[in-house]
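Subject: Structure for you to look at

Hello,

Please find the structure below, with notes on what was found in it.

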Amino acid sequence: MAQDLPPSGGYEPVQYKRNLPARGFRPSYYLFAMGLICTYGLYKTGKGIREQNELAREKMWARIHLIPMLQAEEDRDLVRRTWADKAREKELMGGESKVYHSDRFVRPTYTITPKNVTK
Amino acid sequence: MAARQPRFNQNVLIDTTPLPDSVPKVPEIGASSAPLLSASFFIGARCGAYNDDYMKCKTEAHGKGEVECMKEGRKVTRCAASVLDDINKNCLEEFRKHWQCLDNNNQQLWHCRRPEQLLNACVFDKLKLEKMIPGAPENETPVHLRDRQIFSHNMSSYRKPE
């Protein structure tokens, strides 16, 4: 029996490549366009961050200018209450006692409720 | 010492005893936050020296500054009051516009550049006080003088180009 051999002249070429058209531009163009978009976005972000920094600086300085004034008012009130406490103590106890083991100013912690609360 | 500052907000708990007469009386400011924010840079411009003096005094008093720095504190309060007084006398219209704008915009300065521009111009004309932000980069326009504010959503943020 004769052996099975390729046809004379050989086999026909096998088509392994798909015959599809490549859509769109070359991929490198897309990469480039993406790079441009990202650069623009980062540029805008950077601008925004710079502006935010400046706005934060403005806000901080607005507060820095106000703090001494607010603190002075608060301190005056604390001193007033402390002295009132001391005067009250002197009147009730007949002398001043040293409550805290410290020379520093201690904010008054307690307050006196008035004797007659009308409302 | 309590870490949290005690506050007695209930009406009945206010200790109304005034300071003794040996301490000079000084009227408190009594302004709410928006007018203060609006006037802050002018307060800083006129009262910077008093403010620094007071803060330095408190730093150097090492915890006793509340009593020892009352004199400096009175100067600070009087100076701030004088600025607010002058603004009220000379630029009341612009001042009101600006702080009401601030109140309506979450107290964010960048929403109110147009009213601020008018206020700054008026205060500079009448009182010779200028808004200056220390430490801003020198090669760019200070943020309060820019024509457009990136983060603002309303038209009153736009300054008129001069």
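Is the crossing of α1(A) and α3(B) left-handed or right-handed? The crossing of these two helices is left-handed; the term applies if the near helix is turned anticlockwise from the far one by less than a right angle, while clockwise makes a crossing right-handed.

Before the rest, some conventions. This is a predicted model, in which local features need pLDDT of at least 70 and side-chain atom pairs count only at pLDDT 80 or more, while totals for chains, interfaces and linings use all residues. Residues are numbered from 1 along each chain as its sequence is written, chains are lettered from A and ligands numbered from 1 in the order in which they are written, and side-chain values use heavy atoms, leaving out hydrogens and water. Helices (H or I, at least four residues) and strands (E, at least two) are DSSP runs, numbered from the N terminus.

Between the chains

Axes are lines fitted to C-alpha atoms, for helices over the stretch in contact, and angles run from 0 to 180 degrees between N-to-C directions. In contact (heavy atoms within 4.5 Å) are residues including R76(A) and W83(A) on α1(A), and M70(B) and R74(B) on α3(B). By class, this contact has eight nonpolar, two polar and two charged residues (Ala, Val, Leu, Ile, Met, Phe, Trp, Tyr, Cys and Pro are nonpolar, Asp, Glu, Lys and Arg charged, the others, Gly among them, polar).

Within chain B

α3(B) also packs with helix α1 of chain B (residues 33-61), at an angle of about 160° and with axes 9 Å apart. That makes the two roughly antiparallel. Their crossing is right-handed, and by class their contact has 14 nonpolar, three polar and five charged residues.

A disulfide (cysteine sulfur atoms within 2.5 Å) joins C47(B) to C79(B), S to S 2.0 Å. C47(B) is in helix α1 and C79(B) in helix α3 of chain B, 32 residues apart. With -90° about the S-S bond, this link is left-handed. The whole structure has four disulfides over all chains.

Regards

Definitions and conventions
Angles under 35 degrees count as roughly parallel, over 145 as roughly antiparallel, 65 to 115 as roughly perpendicular and the rest as oblique.
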